[in-house]
Amino acid sequence: MKTYVKTFALPLWLLASFSQVLCAEEANTNNVNEKDTWPIAATSQTVTEDDYLGDVPKVLTVSRLSQSKADSPSAVTVIDRETIRASGIVDIPELLRLVPGFYVAKNAGFIYNSNDTVSYHGMASAYPGAMQVLINGRSVYTPLFGGVLWSELPITVDDIERIEITRGPNAASYGANSFLGVISIITKDATEAKGSSVRLTHGTGRNEAFYRYVGDIQDVNFRVSTGYREDDGLDNRNDFKRTNILTVQADKHLDASNEIGFEFWATNGDRADGELAKDKILFTPRVRNISSNYELIRWRHNISDDSDFLLQAYHAYNGTDDSVTSVNLRPIFAANPPLLSSTVTVNNDIDLDRYEIEAQHTFSPATNWRVVWGGSVRLDRTYAPYWLGTNEADDFNLQRLFGQAEWRINDQVLMNLGSMVEHNDFTGTEVSPRASLNVKLAPNHTLRFGVSSATRTPNYIEEKFNNPILVPTTLGASYLVQGYADTGDVNSERILSHEIGYLGQLGNLDVDARLFNDDIRNILNTKRIKLTLPPNIIFASKDNPRTYFNGGDAEVRGFETQIKYRLFKTTQILFNYSHVEIHGDKNALPTDFTVSMPKNTFSALITHQFDSNWDASYAYYQTGAVSALGDGSAVGLNRRSDVRVARKFNLNHANGEVSIVVENLFNSHYHEYALYNTLGRRALINLDLNF
Amino acid sequence: MFSKWLACFALVLGLFAPVFAQAYTGVTILMSAPSPANSEFIENFKNELASTKNANLRVNVIVLQETEKLIVAENSELVIALGVKALEAASRLQHTTPVLGVFTPLPAFNEVLAKSRRELGNFSAIVLDQPYWRQLSLIRAVLPDAKKVGILFGSVSSQYIEIIKEEGEERAFSIVDESVTQEADLIPKLKILLESTDALLAIPDRLVYNRETAESILLTSYRHQKPMFGYSQSYVRAGALASVYSSSKQVAMQAAEIAIKSQLAPSLLPPPQVPEYFSISVNNQVAHSLNIPLMDEAMLYKKMLEAETLEVMEHEKTKH
């Protein structure tokens, strides 16, 4: 900070505005009561020199400040509070329909996962992995299949402050699984406005009641959120969900440069699962119990103005109790030898524990450099007897070390460099580097050239899926039913992504456009293998079991854009479009992944503010024909229109909003992901009350 | 409007009761504690006097003690009070003792003035408040296209609403204000402001800006991707985009000028005044994160001076 010496004198008239106030005070002087005694400025309301010269704790520390979109090494889409509100969406994954290049489909599975299928640029099954998903910096994808159990996340859309979506690989910053994209959810925290709020939702097959409180006790700021949600799921499917949620977040400033944060989140509830059309014998319609919880402690230490240290440790648990008993198997295994028992029981309990310690140091070695580096150690403990074919829990260790630097070469050119080295139990050591150059052509026009590489470590399903079911007979031999027999030893998938991006602002128009070319190698796919069986085992499945192998390569290329346009002060339009083509030798693989992403997806959100109380929005989503992997089947183009009307109100000691949302206004009965998922119209009414 | 101001001045001048006073021979600097800012002020003040050849003022420093009675050579000293507490103590000295407050915000000065029934002629201050036009001029220099500036007023600062609005209009800003009457309103009202404005200008008021609220205000503004203009260097360090401030050295320079000029006529201290010399402090990290192109501090300062000079010239024109 520079100090300046006198250069010119202050003209007296410029003081005039102050003397007005002085005049007023002068007038009062004559009325001073003799009884007024000292001290005079002791009222805590009086601003003193401390307000000007005293310290203010550093809030926007280097690690808290994110790169602006124009400086970012990748395309970033932010879904903010206002967009979430305007969209009327109540399920988190559906918000991603507002991000160019995303494929989102409602899906009701039947063994374990009945959740939305979310992928960026396709190649997704009912268990889509390949994307890093973080809540407040904590990774929430499950090690079992690499994807996210969206409905089991301990947050609701109402808890979200914003979602930052990195489109394209970004392993250098976010680590394992940041293969196709990164979804970083940032929740509201204890710095929110203090007080209570209630949100009630009632609608077609959906009821929710949540209570939130933000307050402080002895310098500890905290936020508590608790509630219940029930969702009946899709028509004619057995996929209802009942969920209880409790979250507690607390922050405390130990002193000006140290802050401690705690988070505790928990969910439990029931999930209906099973589909007779897919499995009449074992995973028949049933209700299973789920629960999840996590505990986190975070320490932020501000080393200096240009340097920050962050250390966090957490444990996360995700599990389900699901013991399934088959139907009477005797008619099915009619041949000799006869069965010892008429049914078999399979333990489909799943317990996933994740322990992680992460450290991160952000600093600015020179004014035009900013560096972030750090590392983490993670242990994933997976107990999934049905999936892994063992009653033992299996441990997966992951260590990573990452570093990235932002170099502001001059006002026009900025370079980002980064790399991550990762070591894991499945595939050993891997390196994911990244580089990009952002060129500011004019103050509001930036071109970005980026090359990024990432690996995707096989998940448990790809590495160790082994589900033998033995059906004993009276003669000592057993029938064997088995769908998967992973031989392990698969390699990571690898992506090399090139992109040219443009970010521009023309008057009321904001444009984010991107041309991309992703080269994906070693794609994991399945093939059938013949098992060598001991003499007393009779293989009884119709087909040989599958195993994963690194099967082929693909090239994904296309164009996507997000445009925001402020038509009038009161009317805004958000427009997303993507065109994605997947090229590859479809004969090289058992499944045709080239059609696993709709060629064209389109979404738009129009919001209009009628006056200070009334506002309305209209959302349109169009997804082209697609044939997803796994259990997915060919579904045609679908169109969906949502409308939302809201009115704000003010009461004496409270304020709030009532809104009505109609999803799929025209009730078009389209299919998503597979033909067994049929969508229909749904109407919801929400009441928000803050007091 | 200007004639009204002149009338005010006349009133102010009228209150300069012509009291008998002799030239002072020394300066007593009074402070409640030797804080870094105070020490820096004293050092620079002494240096300033030393560099002025015709000044032969002694400088004496007193740290206020709670229990002891304040002893000052009341009729031969100029008392420079550092901070509000010191100013209060100084106001209890004989009414003929010339007192110059330093590091005192204007509302606190007014409060002490009112309670002590001192007169402006020998009771004055260099206030901590930077003039609003200077702060608005900084916003203009940093954000040439900004149209709306949001201000959160508390019960104390609300008295300045009209002045700031007028100053804003002159610089093509529309000032959007929200008044906070209780702590619970703070963040909701801030959000309303942030949604409709280009920047937030902080005006000191304990109800709005204090150690407890600083974090929420800065984080909320940042989440809305709106820059905040603070009123101190500390705020810039904490996360405000920029602020105008005067260093201890700059205030010491101004105080030394007053001490020398008024030496022979201690009952004719200049009226309370805003800091004459100022500096700019910017937070480049915040600027980059908000994608706001920022000139360096020296360039910004130059640009603001140009704008100020232009304003003075234009004002001279309208006057003639």
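In what order do the five strands of the open sheet in chain A lie? Keep that in mind as you look around this predicted model.

**Stop 1: the sheet in chain A**

Select the strands of chain A one after another: β1, β6, β7, β4, β5. That is their order across the open sheet, and the pairing is mixed. Now go to the edges. They are β1, residues 75–80, and β5, residues 138–139, of chain A. Each of these edge strands pairs on one side only.

Next, select residues 160–167 and 181–187 of chain A, which are strands β6 and β7. The two strands run antiparallel, and seven bridges join them. For one pairing, pick A:R162; its bridge partner in β7(A) is A:I186.

**Stop 2: helix α8 in chain B**

Move to chain B and select residues 211–223, helix α8. How far apart should the ends of its 13 residues be? At 1.5 Å a residue, the helix should span 18 Å. The end C-alpha atoms are 19 Å apart, so the two values agree.

Colour the buried residues of α8(B), among them B:I217, B:L218 and B:Y222. B:E215 is also one of the buried residues. Show what they pack against: α7 (186–196), β8 (199–201), β9 (228–230) and α9 (233–238) of chain B.

Then step past the helix to B:Q225, which follows α8(B). Its phi is positive, near 55 degrees.

**Stop 3: the domains of chain B**

Zoom out and colour chain B by domain. Domain 1 takes 16–129 + 248–261, and domain 2 takes 132–245 + 290–319. Taken over C-alpha atoms, the centres of domain 1 and domain 2 of chain B are separated by 30 Å.

Methods. Residues are numbered from 1 along each chain as its sequence is written. Chains are lettered from A and ligands numbered from 1 in the order in which they are written. This is a predicted model: local features need pLDDT of at least 70, side-chain atom pairs count only at pLDDT 80 or more; totals for chains, interfaces and linings use all residues. Two strands pair if DSSP finds at least two bridges between them. Helices (H or I, at least four residues) and strands (E, at least two) are DSSP runs, numbered from the N terminus. The expected span of a helix is 1.5 Å times one less than its number of residues. A residue is buried if 20 or more other C-beta atoms lie within 10 Å of its own, exposed if 12 or fewer, and partly exposed in between; C-beta atoms are placed from the backbone. Two residues are in contact if their C-beta atoms, placed from the backbone, lie within 7 Å. Domain bounds come from an automatic or database domain assignment.
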